[in-house]
Amino acid sequence: MNPTIVVENVTKSFGKKPVLNEINVTIESGQLYGLIGPSGAGKTTLVKMIVGMEKSDAGSIHVLDKKMPNLAILQEIGYMAQSDALYAELTGEENLKFFASLFKLSKSAQKQRIAYAADLVNLTPDLKKRVSAYSGGMKRRLSLAIALVQDPKLLILDEPTVGIDPELKLSIWNELLRLKNEEGKTIIVTTHVMDEAERCDVVAMVRNGRILASGTPTELKDSYHVGSLDEVFLKAGVNQA
Amino acid sequence: MRISALIKRISRQLLRDKRTLALMFVAPLLILTLMYFLFNGNTVDPKLGVVGVEHSLVQGLEKVDIKVKEYEKATKNTVVDDHLDGLLQVDATTGKMTLTLQNDDPSKAKALQMKISQVAAAQVQAKLIQQNPAGAANLIAAKMKTKYVYGDKDTVFFDVLSPILVGFFVFFFVFIISGIGLLRERTTGTLERLMSTPIRRWEIVTAYLTGYGIFAVIQTIIVVTFSITILDIVLVGSIFHVILINLLLALVALSLGILLSTFAASEFQMMQFIPIAVVPQVFFAGIFPLDGMANWLQAIAKIMPMYYAGDALKAVMYKGMGLGEISGDLIALMIFAAIFIVLNILALKKYRTL
Ligand SMILES: Nc1ncnc2c1ncn2[C@@H]1O[C@H](COP(=O)(O)OP(=O)(O)OP(=O)(O)O)[C@@H](O)[C@H]1O
Ligand SMILES: [Mg+2]
């Protein structure tokens, strides 16, 4: 089976500022892929290009064997943006329903998916509240629920657990692992939390516009001769400087 | 399906925003009502001081609603001190008349001057008839009868202005509300978020036009009905034609508002488009006659949607013309809307090429 995502020689700059330079990434089907790297490294830019929301200057991106951007493929991508993009005047449920109705989904499936996604992020009791009355963490959780609502094959989550309490974070991660293991979903996660990166199958470190290192968490630690991913992160920064 | 979901969401958001709804539906009515009372205020009778004027002339002046005050002697200062609108002096020896006008309001001064000369001329005529009754027949024939092509002798400026005002308010409020609607979608990031779903650019534009269009239709119907039934604005032609013109104008305002919101980074920047894109429209809507404008100004008028809408509204409401006569204006409005809509779809390319 072909890899789910193939990013080849992708280069991107904003104006004169180069952000990504000749990036190559291959993500196999059913993989949990972590992107780490310092703030401003280009993680968000990279995942946006995979979704097709951002144009690349050069190179090509294929998702599920289709060249991006591709509208049909978007049906199969659940995207959670780094900053919550929600309709504050609407209730949580109305937000979920609205986004769900942008995808091909039968009425009954839609109902069932909304219930599932809301339950996963513990929002069921707050669904009837307007989003303007939500806390920061609740908005984050609603964004995650929206990403899951159409039951996509591929999940792209940009810092999904920021502002979420440890207990809920744990249950979300357990669900992500379950989705991967039982439903064979491919998941990309960007994160600044190294124990989250630790749970990924493959971790890639983005730095100075390049993928500096990638591999399983164990491989990364071994190649830098350190005991934790935190140290890998720090050491990679020192080597660069 | 996606379009209807978007339309449903837009209407739901608007319905929950009571202030915006009020702005859209109530504000135009308030302003129109205010304008109506301002333009229909009773005119105050002008005050005229007279020195050495014959009694018959004074009577003549009083007959045409001029308040006459007689003085023994008066100067320019009397006009100022006694708040007179004018001072009419007749030289006792030569019989020559001199009129001093206060002229703080030129249109009032002109009207007063005209009335006085008419009365004075009538006096002279009467005298001539007395002296020479034989010639009277010719003189009576000189009395003029006035006929009007549009309106009648009671027509006031507001009757000509109101069709333009109705159109302008529809244009203004639809422009602002739809522009800010899409702008909010940009600033909150939801527009970008939409681009990660399988929605197409034209679907977004269509949904926005329809969603806000529904509210624009309701607004148009309210404003037109209110103006005609409650304010009793002159409507010679068909109300359906008035609504049709306003709907096309609303479509232009909608698509222009959405388009310009692309170039605004905040609500405040959207407001900055009002003096640039909205206010000039009023000047070319027919309040000032186009014929008197410099050629380059006339050329500018031709690229203003309000010019065509104003022309069509005046034609239907005041002159009672039918669809055939305003078809040119309607086509022009449709072309504007079509251009703006296409530009909107292109402007969304910024987010996604598909
Ligand atoms: N729309 C934009 N216009 C100009 N520059 C941009 C834009 N978006 C991102 N950048 C720049 O691109 C670089 C990468 O940004 P990006 O958001 O991808 O970083 P990131 O790795 O996601 O950072 P963080 O961990 O803080 O989220 C930054 O230097 C940023 O300033
Ligand atoms: Mg980021």
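Before the first helix, a word on angles: axes are lines fitted to C-alpha atoms, for helices over the stretch in contact, and angles run from 0 to 180 degrees between N-to-C directions. Please also keep in mind that this is a predicted model.

With that, helix α1 of chain A lies across β1 (5–14), β2 and β4 of chain A, and its direction is at about 120 degrees to β1(A). Those strands belong to an open sheet of four in chain A, with the order β2-β1-β4-β5 and antiparallel pairing. At the edges stand β2 (17–27) and β5 (66–67) of chain A; each has a single partner strand, so one side of each has no neighbour in the sheet. Strand β4 (residues 58–63) of chain A is joined to β5(A) by two bridges, in the antiparallel sense. Within that pairing, A:H62 has A:K67 of β5(A) as its bridge partner.

Now the other sheet in chain A. It is open as well, with six strands in the order β6-β7-β8-β3-β9-β10, and its pairing is mixed. Here β6 and β10 (210–215) of chain A are the edge strands, each with a single partner, so each has one side without a neighbour in the sheet. From one strand to the next, the twist averages 15 degrees. Inside this sheet, β3 (residues 32–36) and β9 (residues 202–207) of chain A run parallel and are joined by four bridges. A:G34 is placed opposite A:V203 in β9(A).

Two helices pack on this sheet. Helix α5 (residues 136–148) of chain A lies across β6 and β7 (154–158) of chain A, at about 170 degrees to β6(A). Helix α8 (residues 217–224) of chain A lies across β9 and β10 of chain A, at about 110 degrees to β10(A).

Next, the ion. Which residues coordinate the magnesium ion, ligand 2? They are A:T44, through OG1, and A:Q82, through OE1, at 1.8 to 2.1 Å. This pair links distant parts of the chain, 38 residues apart: A:T44 sits in helix α1 (residues 43–51) of chain A, and A:Q82 in the loop between β6 (77–80) and α3 (92–100) of chain A. As for solvent, A:Q82 counts as partly exposed because its relative accessibility is 36%, and partly exposed covers the range between under 20% for buried and over 50% for exposed.

Is A:T191 buried or exposed? A:T191 is buried, because its relative accessibility is 3%. A polar atom of the A:T191 side chain lies 2.9 Å from the backbone nitrogen of A:V193. Leaving out residues up to four places away in sequence, A:T191 touches A:L35, A:I36, A:E196 and A:A197.

Last, chain B. Strand β1 (residues 47–51) of chain B is mostly covered, with four of its five residues buried. Five bridges pair β1(B) with strand β2 (residues 67–71) of chain B in the parallel sense, and B:V50 stands opposite B:E70 in β2(B).

Key:
Residues are numbered from 1 along each chain as its sequence is written. Chains are lettered from A and ligands numbered from 1 in the order in which they are written. This is a predicted model: local features need pLDDT of at least 70, side-chain atom pairs count only at pLDDT 80 or more; totals for chains, interfaces and linings use all residues. Side-chain values use heavy atoms; hydrogens and water are left out. Buried means under 20% relative accessible area, exposed over 50%, partly exposed in between (1.4 Å probe, protein chains only). A polar contact is a pair of N or O atoms within 3.5 Å; within protein, one must be able to donate a hydrogen and the other to accept it, and residues adjacent in sequence count only if both atoms are side-chain atoms. Contact means heavy atoms within 4.5 Å. Donors are N, O and S atoms within 2.8 Å of the metal (3.2 Å for Na, K and Ca); water is not among the atoms, so sites may look incomplete. Two strands pair if DSSP finds at least two bridges between them.
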